[in-house]
Amino acid sequence: MADKIFRVNMTDLTTSVEEVPADWAGHGGRGLTSTIVAAEVPPTCHPLGPNNKLVFAPGLLSGTAAANSGRLSCGAKSPLTGTIKEANAGGTSAQLLAKAGCKALIIEGQPKDDNWYSLHITPGNITLNKEEEVVGKGNFDVVETLTERLGKPMGIITIGPAGEMKMAAANVSVKDPDGKIRSCGRGGLGAVMGSKRVKFISVDSMDGKVEIADPDKFREANKTFAKALVDHPVSQALGTYGTNVLVNIINESGGLPTRNFSSGQFEGHEEISGETMHDLIKERGGRVKHNCHKGCVIQCSQVFNDAKKKYKTSGFEYESIWALGADCAVDNLDHIAEADHLLDDIGIDSIETAVAIGVAMEAGVLEFGDGEGLVRILREEVAKGTPLGRIIGAGAATVGRAYGVTRVPVVKNQAIPAYDPRAIKGIGITYATSTQGADHTMGYTIATNVLGVGGSVDPLSKEGQVELSRNLQIATAAIDSTGMCLFIAFAALDDTTCLPALIDLINARFGISLTGDDVVSLGKYILKTEHDFNTAAGFTKEDDRLPEFFSLEPVAPHNVVWDFEGEEIDTFWDF
Amino acid sequence: MANRAEPIHHLTLLIPTQAMERFTTLLQGGIITEIEPAISVGDYLLSLPGFTSQYIADRVETIFLDGLPVDDLTTPITGSRPVLAISAAMPGLAGAIFRKNSFHTALRTMPLRETDESAPCEEKISVTLKLFNMVAVERGQDLFAHGCLLRSSGLLKFISKRPQLLSEVLQCDCDDKPVTSSDLQHVLQGDMVFLKILAAGDTRVMSNKF
C-alpha cells in the first residue's frame, strides 16, 4: 500500500487522506514530524491553541521486519518548552500505522464544543467519533476497556488524565505488545493531544504490509544488522539489567544528580541499582528481559513485580529510577516502581514530574527520601489535578517559580535528566544546545566517525567538545528518522558492519542509493529546520545556556562546576 | 583501614549454584584487599582470582579509580584508601564516555587526580574493589570461593533486604562452627568479616569441610 498523509481537522471535524508531498517523501520519524511542524505550524502560536498541530509518524523502516524499528515519533510545538518537539516511543502503533499506509497523521484545529473524540485508522481511511466511556480514565483502564471494545488486537495511542488536564508534562502513551504502556515522554505532547480533545487513536492495519523494493537485499542487510546488535556486549548488559545498569557507574563517576542536583553521589544507590533490581525481578517472578515492540532483539525492558509477585511496572528505565530515586533521595525500589506505575497511568513524563517533585522537596513541600509521600502526591494531587498537582504537572521550572527555588535544573524549561553536566561536560553541551530543551537522547553515542562526521579540531579542547556534541546530534537526528531504537548505537560504535547495514536496509526498502553523506545531510537538515523554527518562535542563543547554579555551585565529590562560556557554546550552530 | 584490633570472623556459606548470581550483587558494595602501594590497576586486577589479561581487555570496559575513569591499565593505585570500581561496557552516551579509551572520552569532565601527600608510607594499602553488573556475575564465584573481606554492615544490610536469598543458604559456618541464619546478627557485629560463598556444585567445595 502506498503511503499517504492522514489528516484530521478538529475544528470542523473533517478527515482526509492525502498524497505525500514530494518534499516529505524522503522523511520519516523525527525528520518528518519536524518537517511538517515547521511547514504548517506558526512558530509563535500558542501550543495549546488551534494553530498548533500534533503529528505522528512511524520511522522509515517501521512496519518492516528490520530489527528494532518500531519507534513512533510524535511532534508539535511543545507547551513545556515553547520549542519544536519530537518524542518517540516503542509499542505496537508505529508498525501498525506503517502497515496501514500512514506516512504521517496530522491532527489540527480545535473543537468548538466540549466533546471528546477518538480517531480510528485503517488502510486508506480515518474516522472520527465522539468518545465518552474512557474519558477521565487512567491509561491502563483505557487500554483494557478499548481492547475489549475493539474486539481484536489493535494499536492504541492515548492520553491519561494529565493530557486531558493539559498539564505541560503530559505524555502521549502507546500500547505495547503486553497491553501495557510506553510513552512519548518529553515536552508535554499529551497536553497538545488533550487540547485537540482527542482521547485516543486506534490503529487497525487489517493485514496491510509494507512494500519492500528489494526483498533479498533487505533480508541480507537485516541479518547483518541484527547480528551486530545481538552480539554486542552492551546489548547483553541491557538484556540483563536494563538501562538501570547505569546507576552504579554514574554514581561512581560523581555524575548521579542527588537531592535536586545538590550532590553527584547517592548513598542509597545500591538499593536502586540495576543489579538489585535484577535480583528483585528474579525473586518475584518478573521478567528480566522483555521487548517494547515486536522485532526488538536487545530487549532492554523488563517486567517488575511487587512483593506479592503481581505486575507493577515495565520498561523501568534508568532515567525514571534516577529521577524518582536519587534526585528525590528515595532508596526504595518498590516506592519508585509504584510511582512509575502511577506516572504511566496518569500519562505524565517520569523525568519532568520527578524532577519537579525534587524541586518541590527542596522547597519543603515534602522531605527528601519520603517515597510514600511522593507516591501520595502523584495519586492524590497530580492525578486529581489539585492546585499542587497542577503546579507539579506543569514541570520543574513552574515548581521553581511557584516556590522561589533557585536550583532548578532545566534548559528551555525542560528538566535535565540523570547525568550531572558539571561531572560530564559533554552531555551539558547537548543539554544546552538541543533544539528541544534538556534531553539526554538528543546527542547519542552514534559512531560519527563511521558516518564521516568525525571531529576536525582537538577533541579535548572546549571547541572540540562542542564539535563532537554537534556531530552526535546530527547523527542522532538522522537515526531518529528511521524508526530505530537509539540503542542500536552501541553496536554501531564497535561493529563496522552495523551502520552500513542500516543504510542498506533503507536503500532496499525504498529502492534508493543513500550514502553515509546523505545520512549526515539529513541530520543537518533536521537540526537546522528545528533551530529555524525555534528562532522564529523567539528563541535566541541566550536560551542555549545551563541554569546559573551549575556555574556557581561545585558538585561533590569532584567539586567541579560548569565552566563553558556562552561564546564557546554558540559555536555549536556554526555549520 | 579496618580496625584490626577486633577479631575478624570467617563466615562460609554453602548455597545452591543458581543462587550464586544474586549473591554476586553483594560485590557492588565493595570488597577490601591489601595491595603493595603504587601497584598498577592492571597488575592488581590480574592478581584477582579468575582475572586474565584477555578478560580484562575484553570485558572490563569501564574502570574508575576514586571516581575518575581509567584508560591506562598502568595507572598506579595510590592514596590511603583508594576505591577501584570495574564494570562491563555500559549503555548510553555517558556509558560510552566512561569506557576506557573510548571515542567519546573527549566529553568527560577532567578534574585532576588528587594524590594524598599526607598518606603514610605503609607497606600495604587497603583498596576497596567494587564489581558491577556482568563482571560481578562472571568473576564473583571465583572471588567468593577464594574468600573476600568486606564490611559486616554491608553484608547485614544485603541479607536483611533479601530474606528469600538467605533462606536458600544450605549451610552456614562461622570460624568453622555451624551457625544458623538467626545467629548472623551476632556474628556480624564486628567491623569486618571474611566471607566465603561456595556453590553446592562447585568442585572447590571438595577442599572444604562441606
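Which residue forms a salt bridge with D178(A)? Select D178(A) and R287(A) and you have the pair: their closest N and O atoms are 3.6 Å apart. Keep in mind that you're looking at a predicted model.

Now zoom out and colour chain A by domain. Pick 4–203 for domain 1, 242–415 for domain 2 and 425–573 for domain 3. We'll stay with the first two of these. The C-alpha centres of domain 1 and domain 2 of chain A sit 25 Å apart, and the contact takes 37 residues from domain 1 and 37 residues from domain 2.

Next, show both domains as surfaces. Between domain 1 and domain 2 of chain A, about 2,700 Å² is buried, and carbon and sulfur atoms give 50% of that. Then click on N68(A), R182(A) and R186(A): this trio supplies 23% of the area that domain 1 of chain A buries against domain 2, more than any other three residues.

Last stop: go to cartoon view and highlight α3 (139–150), α4 (161–164) and β11 (181–184) of chain A. These are the elements that give two or more residues to the side of domain 1 that touches domain 2. Colour that side by class and you'll get 12 nonpolar, 17 polar and 8 charged residues.

Definitions and conventions
Residues numbered from 1 in each chain as written. Chains lettered and ligands numbered in written order. Predicted model: local features only at pLDDT ≥ 70, side-chain atom pairs only at ≥ 80, totals over all residues. Heavy atoms only, no water. Domains from an automatic or database assignment. Contact = heavy atoms within 4.5 Å. Buried area = accessible area lost by both parts, 1.4 Å probe. Salt bridge = Lys/Arg side-chain N within 4 Å of Asp/Glu carboxyl O. Helix = DSSP H or I, 4+ residues; strand = E, 2+ residues; numbered from the N terminus. Nonpolar A, V, L, I, M, F, W, Y, C, P; charged D, E, K, R; others polar.
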